[in-house]
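Subject: Structure handover

Hello,

Please find the structure below, with its sequence. My notes on it follow.

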Amino acid sequence: MPNFFELAIRFVNLLVYALTAAIFLRAIFSWFVPPGSDNVIMRFLRDITEPVLAPLRKVLPSMGMLDLSPFVAMVLLQVM
């Protein structure tokens, strides 16, 4: 029977995996869904990922229309 710490580590790993997948899906969908559209999936992904991506956008230098914050967030989540 797993102890509390093993369960906590598994739970955190699952959350990191889910957040990484949500960031990846948001980045991919942003290529196909026009900005400002009222898509339920994009709204859900934006609500989940924006608390992670917004602080990174403030720190990262602007690269024109290229947003590197999803890539940096996924790398940081995997390192964590």
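This is a predicted model. I start with helix α2, since much of the rest can be read from there.

The N-terminal end of α2 is capped by Asn39, which places a side-chain oxygen 3.0 Å from the backbone nitrogen of Ile41. Helix α2 covers residues 40-59, and its end C-alpha atoms are 29 Å apart; this agrees with the 28 Å that 20 residues should span at 1.5 Å a residue. There is a bend of about 60° at Glu50, with a proline, Pro51, following within four residues. The buried residues in α2 are Met42, Leu45, Thr49, Leu53 and Leu56. Their cover includes α1 (4-32) and α3 (69-79).

Helix α1 also has a cap at its N-terminal end: a side-chain oxygen of Asn3 lies 3.2 Å from the backbone nitrogen of Phe5. With 29 residues, α1 reaches 42 Å from its first C-alpha to its last, close to the expected 42 Å. Val16, Leu19, Thr20, Ala22, Ile23 and Arg26 are its buried residues, and they pack against α2 and α3.

Where do the helices meet? The largest nonpolar core has 8 residues: Val16, Leu19, Ile23, Leu53, Leu56, Ala73, Met74 and Leu77. Helices α1, α2 and α3 each give two or more residues to this core. In soluble globular proteins, nonpolar side chains tend to be buried together. One member of the core, Leu56, is in contact with Ser69, Val72, Ala73 and Leu76, leaving aside its neighbours within four places in sequence.

Arg26 deserves a separate entry. This residue is in helix α1. Is Arg26 buried or exposed? Its relative accessibility is 14%, and buried means under 20%, so Arg26 counts as buried. Its side chain is joined to that of Glu50 by a polar contact of 2.9 Å; Glu50 is also where α2 bends. Not counting residues up to four places away in sequence, Arg26 touches Met42, Leu45, Arg46, Thr49, Glu50, Leu53 and Arg57.

Last, the aromatic rings. How many aromatic pairs does a search of the whole structure find? The search finds 1. The pair is formed by Phe4 and Phe5, edge-to-face, at 5.7 Å centre to centre and with 70° between the planes. Both residues, Phe4 and Phe5, are exposed.

Regards

Note on methods:
Residues numbered from 1 in each chain as written. Predicted model: local features only at pLDDT ≥ 70, side-chain atom pairs only at ≥ 80, totals over all residues. Heavy atoms only, no water. Expected span 1.5 Å × (residues − 1). Bend = angle between axes of the 7 residues up to and from the residue. Buried < 20%, exposed > 50% of the residue type's maximum accessible area, 1.4 Å probe, protein only. Contact = heavy atoms within 4.5 Å. Polar contact = N/O pair within 3.5 Å; in protein donor to acceptor, adjacent residues only side chain to side chain. Core = buried A, V, L, I, M, F, W, Y, C linked by side-chain atoms within 4.5 Å. Phe/Tyr/Trp six-rings, centres within 6.5 Å; stacked < 30°, edge-to-face > 60°.
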